[in-house]
Amino acid sequence: MAWFLLVLAGLFEIGWAIGLKYTEGFTRLWPTVGTIAAMMISLGLLGVAMQSLPVGTSYAVWVGVGAVGTAILGIMLLGESASPGRLVSLGLIVGGIIGLKLSSGA
């Protein structure tokens, strides 16, 4: 269950990272409200997951899920580069997340 909550926390991290773009410097009300809500949910779920998972693993997976998801949505929604080097780098992050899961013992 802790791993599920951790991945869910990472998904909400993606939501707030992308949401920041749409707040336009926190000048748009509803995108700002949604972004702040996603931040609170993400951090809350991370905290719950850390009750039974190692802090280093939890944080690294949370950041990794958020980074990969945000980069992918940046490519899909915002027209950011999808260069081979960038995609390989994202694959390496995914490999690291899988490695942390397999070696965590939790």
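Me: Which residues form a nonpolar patch on the surface?

Reply: Tyr22, Ile72, Met76, Leu77 and Leu78 form it, with about 470 Å² of accessible area together. This is a predicted model, where local features need pLDDT of at least 70, side-chain atom pairs count only at pLDDT 80 or more, and totals for chains, interfaces and linings use all residues. Residues are numbered from 1 along each chain as its sequence is written, and side-chain values use heavy atoms, without hydrogens and water.

Me: What makes these residues a patch?

Reply: Patch residues have over 30% relative accessible area (Shrake-Rupley, 1.4 Å probe, only the protein chains shown count as cover). They also have no salt bridge (a Lys or Arg side-chain nitrogen within 4 Å of an Asp or Glu carboxyl oxygen). Nonpolar side chains (Val, Leu, Ile, Met, Phe, Trp, Tyr) are joined within 5 Å, like charges within 9 Å.

Me: Which helix gives the largest share of the nonpolar patch?

Reply: Helix α3 (residues 55–78) does, with four residues. Ile72 lies in α3.

Me: How many helices and strands are there in the chain?

Reply: Four helices and zero strands. Helices are DSSP runs of H or I, at least four residues, strands are E runs of at least two, and numbering starts at the N terminus. Along the sequence the pattern is α-α-α-α.

Me: Why is α1 called roughly antiparallel to α2?

Reply: The axes of α1 (residues 2–23) and α2 (residues 29–49) cross at roughly 155° and come within 8 Å. Angles run from 0 to 180 degrees between N-to-C directions, with axes fitted to C-alpha atoms over the stretch in contact. Over 145 degrees counts as roughly antiparallel, under 35 as roughly parallel, 65 to 115 as roughly perpendicular, the rest as oblique. So α1 is roughly antiparallel to α2. The contact of α1 with α2 has 17 nonpolar residues, six polar and one charged.

Me: What is the handedness of the crossing of α1 and α2?

Reply: Left-handed: the near helix is turned anticlockwise from the far one by less than a right angle.

Me: Why is α3 called roughly antiparallel to α4?

Reply: The axes of α3 and α4 (residues 84–104) come within 10 Å and cross at roughly 155°. That makes α3 roughly antiparallel to α4. The crossing of α3 and α4 is left-handed.

Me: Where is Glu24?

Reply: Glu24 is in the loop between α1 and α2. Its phi is positive, about 50°, although Glu24 is not a glycine.

How values were computed: Nonpolar A, V, L, I, M, F, W, Y, C, P; charged D, E, K, R; others polar.
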